[in-house]
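Hi there,

Here is the structure I promised to pass on. My notes follow below it, so please have it open while you read.

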Amino acid sequence: MLKFCKSGTGSSAFSISLNIMTIFLRSIFVCLAFIASFSVSAQIVGKVTDAKGNSLPYVNIYLEGSYQGTTSNEEGNYELTLSKQSSYTISFQYLGYKKLSKTIQPKQFPFVLNVMLEEESISLDEVILSNTEDPAYRIIRETIAQRRENLAKISEFTADFYSRGLWHVENIPERVMGQEVGDFNGALDSTRSGIVYLSETISEIAYQHPNEFKETIIASKVSGDDNGFSFNSAQEANFSFYENSIELYSAMVSPIANNALNYYEYQLDGVFYEGNKMINKIKVIPKRPKDRVFNGYVYIVEDDWQLYGLELATNGQAIQVPMVEDLVFKQNFKYDETHDFWVKISQSIDFGFGFLGVDGDGRFIAVYSNYDFEPQFEKRSFTNEVLSFKPEANKKDSLFWKGSRPVPLTDEELNDYIRKDSIQTLRNSKPYLDSIDRKNNKPGILSLLTGYSFKNSFEKWSLNYDGPLSETRFNTVQGWNSKAGVSYYKWYDDNQTNWFRVGVNAAYGIAEDRVRFTASVSRMFNLRDRLRFSLSGGSELTQFNPSEPISPLINSVSTLFFERNYMKLYERNYAQLNYSQEVVNGLHLYAQVAYENRQAVFNNTGYTIFPQDDVQYTSNNPQLPLNEGIPGVIDHNIVKTQLSARINFGQKYFSNPEMKFNIGNEKYPELIVTFENGTSTNRSNYDFSQLRASLYQSIGLGNKGQFYYRLKGGTFFNGDGISFIDYQHFNGNQTRVGTSINYTNNFNLLPYYDLSTNSHYFEGHLEHDFRGWILGKIPGINQLNFNLIAGAHVLSIDSKKPYTEFSIGIDNLGIGKFRLLRLDYVRSYYNGVGDGAFIFGLKFLDLLD
């Protein structure tokens, strides 16, 4: 039952009543339209069951001699649209059951055809058994030997593609880690369970081995959002077990990969026939369960050595996504007489998940039809746009979908569409949005400390207050300090791709006894080219290294508990203008111009929780840490300009009429080139220019892990005598705590400012995450699901000897599903002196600070 807050006026109450009546009438219309469309477009309908009357889900149903077909839904129901009255032979194929073909000649439509499938009689009577080896190994070896040839047969094609995705959650808590979860736009029932995502697409796809892919979505439907664009993607569902590895975050070893015999054991369960083809049912057993492997069954056609079907499962530990509890793949293949090949016609992926009290399951199904294995691709058949939507793709009505979807909706899915489409009008109405805002806009007891937001959803604006509690920190310049701010945010479309924000912040330090104010105005125009302008100004304390390698939270702990104040600050009074835009695909431009007045600040407190006799605070001057009275900055004014270009070579992307999603391209690196210039208005010797560049790439090496590298270099023009602020500083670490996902942008033992330079420099970072390739093979250790990581780092500066680091570590540490820890041992070498230390990686801190 829907409940509404009292509006206080008769007219508002009347408008709510009208909304309810409109929704009721619309629900009746949707139901009538569904019934009418059923009688018009559902030509052959029926249900598929087993001998006991149980429904059989996702049975492949197709016309013999063609790719025209459908699939039964989770309840066993199916619909097959035919073009005319004629004689048809319809085949029903399901793994573990005998293929059934029915010849019909319907005289009127809809024609009801219910079928019952018999379980396949699987036996070993015709199999020659050996005392030394299971017969499955011979079959697997033959299939592996045929793998490249099988891949070549599907090296290029076009096809029609249908997908449907569903996420279902159960008993979701009202709050997770103190944050209100909400009701997922009305998706949850009184038990806080329900479908939170239901979407389907119909598209045309084209593929060319190894990496060329193009998908054009003809129709897209999202439950509860008339204007929504589905996130379903044919490329993301393009899993071929003929490949050596299956990319599921980690590279999973296929049971028919070249090296599969190193990872799996096999047992022949038995054989059966489809026509004159003998099908081998083979059980796949991992040698090491915690490896990057599957378990289940593969069905292989004798002599053809091709897949007939598969049922393979894995889990979150194997793919190293702890919140995933299980993941089950099912693929079905159909024999193509023209090309003498078994072709994938359907796929389902079932999964369960659970994290922080949020549990659920889901399924993605895919149906392939109308293959063309002899496409006439041209040079421009494939571009960097791998997914696009045709105009009005998200505007198709229920009649279109009823006649086009190859897999009928289940009762649960149909009811979800009807219910969410019905309440969508209500949930977007002003009375409803105002009632929700009235509830959510009530301040809490601690809002003054934690923050508060006042929202007007219908008018699309909010007023936000950021409280000081979450920003409370400690440093030796300000002592205990925090900041608070207010901001106004206005968005101009439902997806918030076009918005405006203005805000003011105030920061105060108790020991310094000073308040500093900053203000900013930002305008984002769209998410196609991400054109954005911002204007900001005020007074702030900032680190000498603008990359801020020292987390304020880590510095607070280091200062208060270990009396080590690594963070060095100066005062920046400024006005700044920023611009950013992706001018063409893969080329992002950034521009910044700022007027800055820079002043020195000093330590104002010696407070620490645990004083140590052999340690004392250093000064706030990074060049002279033992001299407290000498300023780290000579007061000066400077105009700084910075132009940057970020180039993502061969960048692939998805697009819809509202947004563009860049997905990168692992084949090529990312290049960033920056030119920076500073012109002082009162100290001419502070004028300088710097040109720098960086190159970054992440390279997947299959089941051998992931390799990362980052190379940086630069040079100064007229850099002699400039302010230390404008030196090139390097991301060091003296806290022995790491906070980044990988260590390709920092050194782990380098003091923060010891090697800062105003001359030529080069730095290189290499890291390889073996993702279980080594540790997964060691008995005992492989049960822990740890990852071995190796790294190397070098810094070369003009006229100085190089600084180097080498590291070996273990990642994916933690308890249960909380795997956000890492431990490395690092050795550094500089000027003939070596040093070593353990670095404790707290990757979750990257999200907190």
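Which residue in the turn between β43 and β44 has a positive phi? It is Asn831, with a phi of about 55°, in a hairpin where 2 residues lie between β43 and β44. Before I go on, please note that this is a predicted model: local features need pLDDT of at least 70, side-chain atom pairs count only at pLDDT 80 or more, and totals for chains, interfaces and linings use all residues. Residues are numbered from 1 along each chain as its sequence is written, and side-chain values use heavy atoms, with hydrogens and water left out.

**The hairpins**

Helices (H or I, at least four residues) and strands (E, at least two) are DSSP runs, numbered from the N terminus. Two strands pair if DSSP finds at least two bridges between them. β43 and β44 (residues 833-842) pair in the antiparallel sense over 10 bridges, and Ser828 has Asp835 in β44 as its bridge partner. On its other pairing, β43 (residues 818-830) is joined to β42 (residues 803-815), again antiparallel and over 10 bridges. There Ser807 is bridged to Val826 in β43. β42 and β43 also make a hairpin with 2 residues between them, and Gly816 in that turn has a positive phi of about 60°.

**An open sheet**

Have a look as well at the open sheet of 4 strands, which runs in the order β3-β2-β5-β6 with antiparallel pairing. β3 (69-71) and β6 (100-104) are its edges; each has a single partner strand, so one side of each is left without a neighbour in the sheet. On average, neighbouring strands of this sheet are turned by 20° against each other, direction ignored (axes are lines fitted to C-alpha atoms, for helices over the stretch in contact, and angles run from 0 to 180 degrees between N-to-C directions). β2 (residues 60-63) pairs with β3 over 3 bridges, and Asn60 stands opposite Thr71 in β3.

**Cores**

A nonpolar core here is a set of buried Ala, Val, Leu, Ile, Met, Phe, Trp, Tyr and Cys residues joined through side-chain atoms within 4.5 Å. Buried means under 20% relative accessible area, exposed over 50%, and partly exposed in between (1.4 Å probe, protein chains only). The largest nonpolar core has 65 residues, and Leu248, Tyr264 and Phe329 are among those with the most contacts inside it. Strand β21 (residues 341-355) gives the most to this core, with 6 residues. Apart from it lies another core of 32 residues, including Val633, Phe724, Leu755 and Val826.

Contact means heavy atoms within 4.5 Å. Leaving aside neighbours within four places in sequence, Phe329 is in contact with residues including Phe239, Leu248, Phe294 and Ile349.

**Aromatic rings**

Rings of Phe, Tyr and Trp (its six-membered ring) pair if their centres lie within 6.5 Å; planes under 30 degrees apart count as stacked, over 60 as edge-to-face and the rest as tilted. The count comes to 50 aromatic pairs. In one of them, the ring centres of Tyr335 and Trp342 are 5.3 Å apart and the planes are at 50°, so the pair is tilted. Tyr335 is partly exposed at 24% relative accessible area, whereas Trp342 is buried at 1%. Phe724 and Tyr727 form a tilted pair too, with 5.0 Å centre to centre and 50° between the planes. Phe724 is buried at 7%, and Tyr727 counts as buried at 19%.

A charge sits over a ring if NZ of Lys or CZ of Arg is within 6 Å of the ring centre and within 35 degrees of the ring normal. Arg771 lies over the face of Tyr249, 4.6 Å from the ring centre, and Arg288 has its charged end over the ring of Tyr263, 5.4 Å from the centre.

Lys281 is in strand β17 (residues 277-286) and counts as buried at 15% relative accessibility. Not counting residues up to four places away in sequence, Lys281 touches residues including Ile122, Asp269 and Tyr299. Ser723 is in the loop between β38 (706-717) and β39 (737-738) and is buried at 5%. Beyond four places in sequence, Ser723 is in contact with Arg598, His636 and Tyr686.

Best wishes
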